[in-house]
Amino acid sequence: MTRGAMPGDRAFSAGTANALELRGVTKTFGALSALVDVTITIGPGEKRAVLGSNGAGKTTLFNCITGDFLPSAGAIRFFGEDITSAPAHERIRRGLRRTYQISLLFAGLSVIDNVYLACKGVARGRFSLLRPSRREAVMESAEELVRTVRLEDSRDVKVSDLSYGQQRQLEIAMALSGAPRFILFDEPAAGLSPGERQDLVGILKGLPSHMGYIIIEHDMDVALQVSESVTMMHNGRIFKEGKPAEIEDDEEVQELYLGGGNA
């Protein structure tokens, strides 16, 4: 698969309908270049995997997209709008969501309470202190998300009593709050058992076709099952792009990703 533009091209397409565009994105920390001239184009509803060994720049890439870091150079556009310098909360308001490698959950609250708070946080009237009823629209949305990630049997269980795999499922439910337009999944299969990984695959495959995402993942098998296109990164740069089958069969990818023992 060819990239939407060469790294040297800083111009966005006029009237673009792409979900996400990065043009020449670079991020430096002093003398360290974590990202170098990264150019990626992702269409609406596209499911993209970003793979690479530790230190390849995957998490830094996510941080630049979400606004946790501002790029040192380059530009980022989200559904046609330039968000290069937009704060993180503004990107969330526009429909961008993210999960993290480390769980960010309320351990003392139940599954439904966690999801309800996530939905309430992006809804109108989010500052209301009234106790919700099960007929409230936000609560109905939360209940639907709990079912989507297959946690209905654990609806009232405290997060601290969930298995690690169930906590990762809950994080996905919270990322889905407010009907996002695009989601960044940061190693959702990390620490999961083989059975839990297959549950994760089922959940990701069951997401609406219009909802695009990027998944960064060390488990290549999981990533290739849930993606339509793959970007390989190495030392902060894009190394290769292609369809899952092309990447899986590529000798250079196997040598770099599998042979290096960092999968």
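Modeller: We take the helix pair, then the cavity. This is a predicted model, where local features need pLDDT of at least 70, side-chain atom pairs count only at pLDDT 80 or more, and totals for chains, interfaces and linings use all residues. Residues are numbered from 1 along each chain as its sequence is written, and side-chain values use heavy atoms, leaving out hydrogens and water.

Biologist: At what angle do helix α3 and helix α4 pack?

Modeller: Axes are lines fitted to C-alpha atoms, for helices over the stretch in contact, and angles run from 0 to 180 degrees between N-to-C directions. Helices are DSSP runs (H or I, at least four residues), numbered from the N terminus. Here α3 (residues 111–121) and α4 (residues 137–148) pack at about 125°, with axes 9 Å apart. So α3 is oblique to α4 (under 35 degrees is roughly parallel, over 145 roughly antiparallel, 65 to 115 roughly perpendicular, the rest oblique).

Biologist: Which residues of α3 make the contact?

Modeller: Contact means heavy atoms within 4.5 Å. From α3 come Val111, Ile112, Val115, Tyr116, Cys119 and Lys120. Those of α4 include Val138, Met139 and Leu145.

Biologist: How is empty space found?

Modeller: A probe the size of a water molecule is rolled over the atoms. On a 1 Å grid over the protein atoms alone, a cavity is a set of points where a 1.4 Å probe fits but cannot get out. The count is 1 cavity of 30 Å³ or more.

Biologist: Which element gives the largest share of its lining?

Modeller: Lining residues have an atom within 4 Å of a point. Helix α5 gives the largest share, 4 residues. Gly165, Arg168 and Leu200 are among the lining residues.

Technical notes:
Helix = DSSP H or I, 4+ residues; strand = E, 2+ residues; numbered from the N terminus. 1 Å grid on protein atoms, 1.4 Å probe; cavity = no way out; pocket = protein on both sides within 12 Å on 5 of 7 lines; lining within 4 Å. Points joined across faces, edges and corners; volume = space filled by probe spheres on them.
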